[in-house]
Amino acid sequence: MEVIVDKNSGFCFGVANAINKAEEILSKKEKLYCLGQMVHNDEEISRLENLGLITITNEEFKQLHNCKVLLRAHGEPPETYLIAKENNIELIDSTCPIVRNLQKKVKKSFSGLEDNDKLVIYGKAEHPEIISLAGQCNNEAIVVKDEKDLDKLNFDGSIKLFSQTTNNPENYNKISKEIQKRLLNKNNDLDITNSICRDVASREGILSDFAKENDIVIFTSGKNSSNGKMLYNQCIKVNPNTYFISSVQELKSDWFSKSDKVGVCGSTSTPAWLMEEVATKIKTFNNG
Ligand code: SF4
């Protein structure tokens, strides 16, 4: 059995940068908190927690004083920075530069809205990046996760549209067209910002080719990773023999036979060490 790990899968630079910063501080044996899960991957969280990283909730953050807290790549709303200032918390701000830039754009667009205009963000309301973006406009942005959500919008003004960076470009295009259609009836404009991360957008095509080249695909990702779900769907679309796993323990030997070419890949939040571990385990299966 041939087993290959996709060299294009794994941490995007935003996540890699945040993890590097955490490792650097933890290596000096300093106490470090992380506001929210560093990355949507339980295996990597456990590794970092074993190094000493303490993951905290927003409520726990409010109670802390005089300490170091790392802000992950997804970014934070302005309120977080205010609390840190009041509580003398040193922030290790690891907001991805792409997200930071998007936060600025959202803030600027929101301040330029006229009566009845709306700022709409395509994404999941509970996703940390969306919380960080909505915070740039006093949580007055309208967050839509699908076309059905558009029914809660009235189209009596122009719309400025943004997307969560990890969304599927095709779906963003579809929702943009639907908004455009509904606005045209009322003679209002749509201003679309292409805010999908290029790293994410380019991975779909690359991963599709990888999935096609292999008989079996083992897609490794945290179950709560949006990017993971999107890329897994892409893999299974082109190769029905794709399995989604989050840990080595979920592998089943009867998925494989000796003549198979197996590809191991993952999302932008999957650590390379985990994909290597998965590949090593698969090689131990020796089915006929
Ligand atoms: S997916 Fe893109 S925008 Fe999001 S953290 Fe990674 S590099 Fe930054």
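Author: Let's take the overall build, then the domains and one interface. Keep in mind that this is a predicted model.

Reader: OK, how many helices and strands does the protein have?

Author: There are 10 helices and 12 strands. The radius of gyration is 21 Å, close to the 19 Å the globule rule gives for 288 residues, so the protein is as compact as a globular protein of that length.

Reader: And what box do the C-alpha atoms fill?

Author: Roughly 70 × 55 × 25 Å, along the principal axes.

Reader: Now the domains. Which residues go where?

Author: Domain 1 takes 2-9 + 198-284. Domain 2 is 13-95, and domain 3 is 98-192.

Reader: What about domain 1 and domain 3, how many residues are in contact?

Author: Six residues of domain 1 contact eight of domain 3. The two domains bury about 550 Å² between them, with 53% of that on carbon and sulfur atoms.

Reader: Which residues of domain 1 lose the most area there?

Author: V200, S226 and M230. Together they make up 60% of what the domain 1 side buries.

Reader: How many salt bridges or polar contacts are there between the two?

Author: Zero salt bridges. One residue pair is in polar contact.

Reader: Which helices supply that side of domain 1?

Author: α8 (198-213) and α9 (226-238) each give at least two residues to the side touching domain 3. That side divides into three nonpolar residues, two polar and one charged.

Reader: Last one. What separates the centres of domain 1 and domain 3?

Author: 32 Å, taken over C-alpha atoms.

Note on methods: Residues are numbered from 1 along each chain as its sequence is written. This is a predicted model: local features need pLDDT of at least 70, side-chain atom pairs count only at pLDDT 80 or more; totals for chains, interfaces and linings use all residues. Side-chain values use heavy atoms; hydrogens and water are left out. Domain bounds come from an automatic or database domain assignment. Contact means heavy atoms within 4.5 Å. Buried area is the accessible area (1.4 Å probe) that two parts lose on being put together, summed over both. A salt bridge is a side-chain nitrogen of Lys or Arg within 4 Å of a carboxyl oxygen of Asp or Glu. A polar contact is a pair of N or O atoms within 3.5 Å; within protein, one must be able to donate a hydrogen and the other to accept it, and residues adjacent in sequence count only if both atoms are side-chain atoms. Helices (H or I, at least four residues) and strands (E, at least two) are DSSP runs, numbered from the N terminus. Ala, Val, Leu, Ile, Met, Phe, Trp, Tyr, Cys and Pro count as nonpolar, Asp, Glu, Lys and Arg as charged, and the others, Gly among them, as polar. The radius of gyration is taken over C-alpha atoms; the globule rule is 2.2 Å times the number of residues to the power 0.38.
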